[in-house]
Amino acid sequence: MPRFMSPLRPRYMRIPPKAADDTSTDEAVSPKQVQAPANGSDSETREEELYPETVCVSEGTFRQIRDDSLVLLSQGISHRLLRDTNGPFQIFILPEHEARARLQLALFRKENPPKEENPPIPLSFSLQPLWVLLAPTVFTLIDFTDKVNLHSAGISDASKVLKGEWFRALTAQTLHGDTRHLASNLLCGYIVMNMITFRIPLLRLAPFIAIAAAIANLCVSLTVQSDFRSLGFSSFVFAAIGCLSVIEFRLMPKETHGLLRRFAPLCGAASLAVFLGLGENADILGHAYGFVAGLFTGFIPSKKALRWGTPLAAADGIGLLFYYGLYLAAWKMAFN
């Protein structure tokens, strides 16, 4: 059996020993066909000629694709390995071999069930949370100048919210009592949202997290109903914590040393929420409702997009504009 070549190479072919030696079979490949030309584009053309139409029969991590490739090699099925731009490795074969290849892979997986993997991600810092934190920062600084009275128009007053001024659930997220309040929300918010960017562009989820935080503020008003005022970006931060916990929970391998280990992200996030959510003058109900509402936003992205990581695209700017639009529309209603 030939030595396994790493799929980290963008394109290459794996030809079983029989197919390489026996020129009478359909899978035979002549030395002229596999000889590497001097021109790289000629190599691409020859490879496409050899595989004019291919189908993907397997997709997964490096280890999964390595095992599947060895299974196909053992059955004399020629194939090639590619790596998708989103991260996973894939196996492509000729259409006429698809049925036999899928059968052999199904038999192999029946005897050797694949194990899900959730490898650790190296620490990195993103600028995406700064775009999200820009909204509460700007409105709070405007409020601190005392040139415009934003408190009376935008603070979340339970009695006024129940009378129909629901927009206060959004405007209150952009106001803060003092610089310490603002700094704590910005710091905690950046840490949590930066972790979300490890899995998916934050700008895609920011509008949904803002809506979840607004729902949390509405639930507080419905619970207290009177004589209660709140403000601050903390409801958004706690919704982001809930969202992050569900994302990591969905990516935890099902086969672990113990079933409770799968719930480690949820338990850890709940403990963090309790630790950060308690304190003097803290809106405990808002933090609790924000965390619960944020749990549902973690189910919005697909699991495949979360596992392999999704690069930031120009279309994600639409999510950022929609995020800003929510607050601008709410403030417009507040001053009308």
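Guide: Let us begin with the word contact, which means that heavy atoms lie within 4.5 Å. The model before us is a predicted one, and in it Ser235 touches Gln173, Ala213, Asn217, Gly286 and Gly290, when residues up to four places away in sequence are not counted.

Visitor: Where does Ser235 sit, and why is Ser235 called buried?

Guide: Ser235 has its place in helix α12. Buried means a relative accessible area under 20%, and Ser235 has 3% relative accessibility, so Ser235 counts as buried.

Visitor: What makes Ser245 buried or exposed?

Guide: Ser245 also lies in helix α12, and its relative accessible area is 2%; the cut-off for buried is under 20%, and therefore Ser245 is buried. Leaving aside neighbours within four places in sequence, Ser245 is in contact with Pro265, Leu266, Ala269, Phe291 and Leu295.

Visitor: How do you know whether helix α12 is parallel or oblique to helix α14?

Guide: Helix α12 covers residues 234-251 and helix α14 covers residues 284-297, and the two pack with their axes 6 Å apart at an angle of about 40 degrees. Angles under 35 degrees count as roughly parallel and those from 65 to 115 as roughly perpendicular, while an angle between these ranges is oblique; that is why α12 is called oblique to α14. The crossing in which α12 passes α14 is right-handed.

Visitor: Which residues make this contact, and of what classes are they?

Guide: On the α12 side the contact is made by Ser234, Ser235, Phe238, Ala239, Ile241, Gly242, Cys243, Ser245 and Val246, and on the α14 side by Gly286, His287, Gly290, Phe291, Gly294, Leu295 and Thr297. Sorted by class, the contact of α12 with α14 has 7 nonpolar, 9 polar and no charged residues.

Visitor: What makes α11 oblique to α12?

Guide: The axes of α11 and α12 come within 8 Å and cross at roughly 120 degrees. The roughly perpendicular range ends at 115 degrees and roughly antiparallel needs over 145, so α11 is oblique to α12. This crossing of α11 and α12 is right-handed. In the contact, Leu205, Ala206, Ile209, Ala210, Ala212, Ala213 and Asn217 of α11 meet Ser235, Phe236, Ala239, Ala240, Cys243 and Ile247 of α12, and by class there are 11 nonpolar, 2 polar and no charged residues.

Visitor: Why is α6 called roughly antiparallel to α10?

Guide: Helix α6 (residues 128-144) and helix α10 (residues 179-196) have axes that come within 10 Å and cross at roughly 170 degrees. Because an angle over 145 degrees counts as roughly antiparallel, α6 is roughly antiparallel to α10. From α6, Pro129, Leu130, Val132, Leu133, Thr137, Thr140 and Phe144 meet Thr179, Leu182, Leu186, Tyr190, Met193 and Asn194 in α10. The classes in this contact of α6 with α10 are 9 nonpolar, 4 polar and no charged residues.

Visitor: What makes Pro207 count as buried, and which residues does Pro207 touch?

Guide: Pro207, whose place is in helix α11 (residues 202-224), has 3% relative accessibility, and since buried means under 20%, Pro207 counts as buried. Not counting residues up to four places away in sequence, Pro207 touches Gly319, Phe322, Tyr323 and Leu326. Pro207 and Tyr323 are 116 residues apart along the chain, yet their C-alpha atoms are separated by 4.6 Å.

Visitor: How many helices and strands does the chain have, and what share of its residues is buried?

Guide: The secondary structure comes to 16 helices and 6 strands, and buried residues make up 43% of the 336 residues in the chain.

Key: Residues numbered from 1 in each chain as written. Predicted model: local features only at pLDDT ≥ 70, side-chain atom pairs only at ≥ 80, totals over all residues. Heavy atoms only, no water. Helix = DSSP H or I, 4+ residues; strand = E, 2+ residues; numbered from the N terminus. Buried < 20%, exposed > 50% of the residue type's maximum accessible area, 1.4 Å probe, protein only. Axes fitted to C-alpha atoms, helices over the stretch in contact; angles between N-to-C directions. Left-handed = near helix turned anticlockwise from the far one by under 90°. Nonpolar A, V, L, I, M, F, W, Y, C, P; charged D, E, K, R; others polar.
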